[in-house]
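Take a look at the model below. This report walks through its chains and the place where they meet.

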Amino acid sequence: MALILEDVWKSYPVRGGRREILKGINAVVERGDAVGILGRNGAGKSTLMRVISGVESPTRGRVRREMSVSWPLGSGFGLQASLSGADNARFIARIYGQDVRETLDFVQSFSEIGQYFYEPVKTYSAGMMGRLLMGLSFAVKFDCYLVDEIISAGDQRFVQRCQTMLEDRLGNASLLMVSHFADHIRQYCRTAVVLRNGLLELYEDIDEGIAVYQSL
Amino acid sequence: MSDVGFVPTPPARRERGHWIVEGLATQVRVIGALIMREVQTRFGRHNVGFLWLFFEPLFLGTMVGLMHSAHGQSMPGGVDPFLFSLVGYVPYFMFRAIINRAGSALHSNLTLLFHRQVTPVDVLLARNLLEAASVIGVIVIILAGGVWLAGVWPANPGLVFFCLLLMFLLCNGLAMMVAALVARWEVAERLVHPLTYLSMPLSGAFFALHWLPANLRELLLWNPQVSLHEGIRAGIFGDAFPSYYDLRYVGWCILVTTLLGLLSLRTARRKLEIF
């Protein structure tokens with residue numbers, strides 16, 4: 001049970017040709033891994049997340065998902081801004097085939113956004129959006145969570161709630177996390193990769209990875 | 001970590017069945033959820049909300065019907081001109097609603113495609129099913145109204161609903177092609193509205209083929225929509241005047257548009273860029 005990337009390439013058409021974003025990435029994510037993904041703006045971190053999750057297919061190569069992988073949890077992705085948090089929770093419960101009532105209770109209780117749960121998502125602050133998204137994805141019990149910056153907007157209490165949740169799961173679940181905050185990467189992850197020039201560089205020692213990233 | 005508070009336990013994970021059953025069940029669940037959310041976003045949760053789904057085509061159809069019957073022209077076979085234009089316009093409403101909305105379907109649901117099990121086909125199917133449900137509901141209301149108010153029984157209700165079903169399938173196939181086309185070339189979106197508008201006189205919604213010379217009749221029957229409108233009228237008015245339709249040909253058209261639609265959406269999905 002793992003998540004395997006085999007020679008994954010991704011390019012997009014741009015004015016006057018194609019821009020290569022990912023240039024032949026190979027990686028294996030095992031159960032229980034917690035990997036921080038570091039890289040400068042535009043390095044392709046979010047593209048990598050989308051390709052891993054299966055939202056976009058690689059231009060070349062293959063992603064093998066032997067475990068259930070969350071959708072990329074980033075600002076508002078997979079949510080409907082005009083609907084309330086509760087309606088979004090119902091939608092998620094339905095498409096993932098979960099009990100609607102239990103899902104609603106869990107998301108409301110985990111996200112702690114009070115009455116905003118019944119307001120349209122477009123009125124949420126970045127922090128509330130993060131709370132809702134993490135609540136939704138924890139409700140589904142994925143084997144692998146793809147977190148794209150979303151925890152960074154949360155306050156300390158929320159970060160700790162997420163951590164408790166993940167620690168509960170780790171050993172069972174894996175985490176791939178994009179963040180520009182070295183502290184968050186240290187808190188959540190055990191290894192780090194730096195995405196540079198379309199390729200991944202793995203650092204078993206997380207501080208080493210962060211140091212490399214900070215010198216970019 | 002004293003200030004974390006109560007962290008609830010997530011719902012238990014569901015047992016999974018065989019992958020074929022699971023795949024089918026997922027698709028049904030996804031389409032159901034999409035329909036629910038379409039109703040919520042389009043009609044809100046206030047007042048009569050989703051009743052607009054039926055009211056809108058009924059209202060428009062009635063207005064068009066009144067306008068036509070106000071002309072006072074007599075219909076062959078002593079058919080009521082109001083009913084004639086109503087049962088022509090309402091199914092046409094389905095065609096126009098489905099095709100005109102197809103271009104924006106993927107874009108307005110882009111964020112939902114972040115969930116792997118939600119495919120462009122599901123998005124379109126959900127929308128189109130909703131439109132079809134509204135029009136079929138309205139036809140039921142009209143036919144019931146005809147029986148109740150005027151004592152006019154449809155000659156062959158089965159044929160009416162079979163033609164409406166075929167109409168839905170045809171529109172669905174076309175809508176998939178339009179959506180895929182727009183995903184590739186955004187300009188296509190601008191062409192859809194004028195084209196559906198211009199094709200209105202060719203749809204056969206507002207006249208009976210019987211009124212036309214034979215050669216023109218043959219020409220118009222190349223458009224599968226015409227057969228369907230004729231079939232619907234035959235199902236309602238029966239032998240009041242002759243009808244001309246070829247449902248076998250319509251079946252072939254459905255097959256071709258659906259296959260082309262599925263194929264083009266599949267290739268479009270890879271081209272679709274999400275933010």
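Helices are DSSP runs of H or I with at least four residues, and strands are runs of E with at least two. With that in hand, look at residues 249-268 of chain B: the stretch is 100% helix and 0% strand. Its end C-alpha atoms are 28 Å apart. Keep in mind that this is a predicted model.

**Chain B**

Chain B has 9 helices and 0 strands. From the N terminus on, its elements read α-α-α-α-α-α-α-α-α. The C-alpha trace of chain B spans about 85 × 40 × 35 Å along its principal axes.

An unreviewed UniProt entry lists "transmembrane region" for residues 48-70, 82-99, 132-153, 159-183, 195-212 and 249-268 of chain B.

| Span of chain B | Helix and strand | Distance between end C-alpha atoms |
|---|---|---|
| Residues 159-183 | 100% helix, 0% strand | 36 Å |
| Residues 249-268 | 100% helix, 0% strand | 28 Å |

**Where the chains meet**

Together the two chains bury about 3600 Å². Carbon and sulfur atoms hold 54% of that area. On the chain A side, Val55(A), Arg94(A) and Ile95(A) lose the most area to chain B. These three make up 17% of what that side buries.

What about polar links? Between chain A and chain B there are 0 salt bridges. The interface does have 9 residue pairs in polar contact, with both residues at pLDDT 80 or more.

**Salt bridges**

Over all chains, the structure holds 21 salt bridges. One pair is Asp87(A) and Arg90(A), whose closest N and O atoms are 2.7 Å apart.

**A hairpin in chain A**

Strand 7 (residues 191-196) and strand 8 (residues 199-203) of chain A pair in the antiparallel sense. The pairing runs over 5 bridges. In one of them, Ala192(A) has Tyr203(A) of strand 8 as its bridge partner. The hairpin has 2 residues between the strands. There, Asn197(A) takes a positive phi near 50°.

Definitions and conventions:
Residues numbered from 1 in each chain as written. Chains lettered and ligands numbered in written order. Predicted model: local features only at pLDDT ≥ 70, side-chain atom pairs only at ≥ 80, totals over all residues. Heavy atoms only, no water. Buried area = accessible area lost by both parts, 1.4 Å probe. Salt bridge = Lys/Arg side-chain N within 4 Å of Asp/Glu carboxyl O. Polar contact = N/O pair within 3.5 Å; in protein donor to acceptor, adjacent residues only side chain to side chain. UniProt positions renumbered as here; feature names shortened; annotations may be inferred. Pairing = 2+ DSSP bridges.
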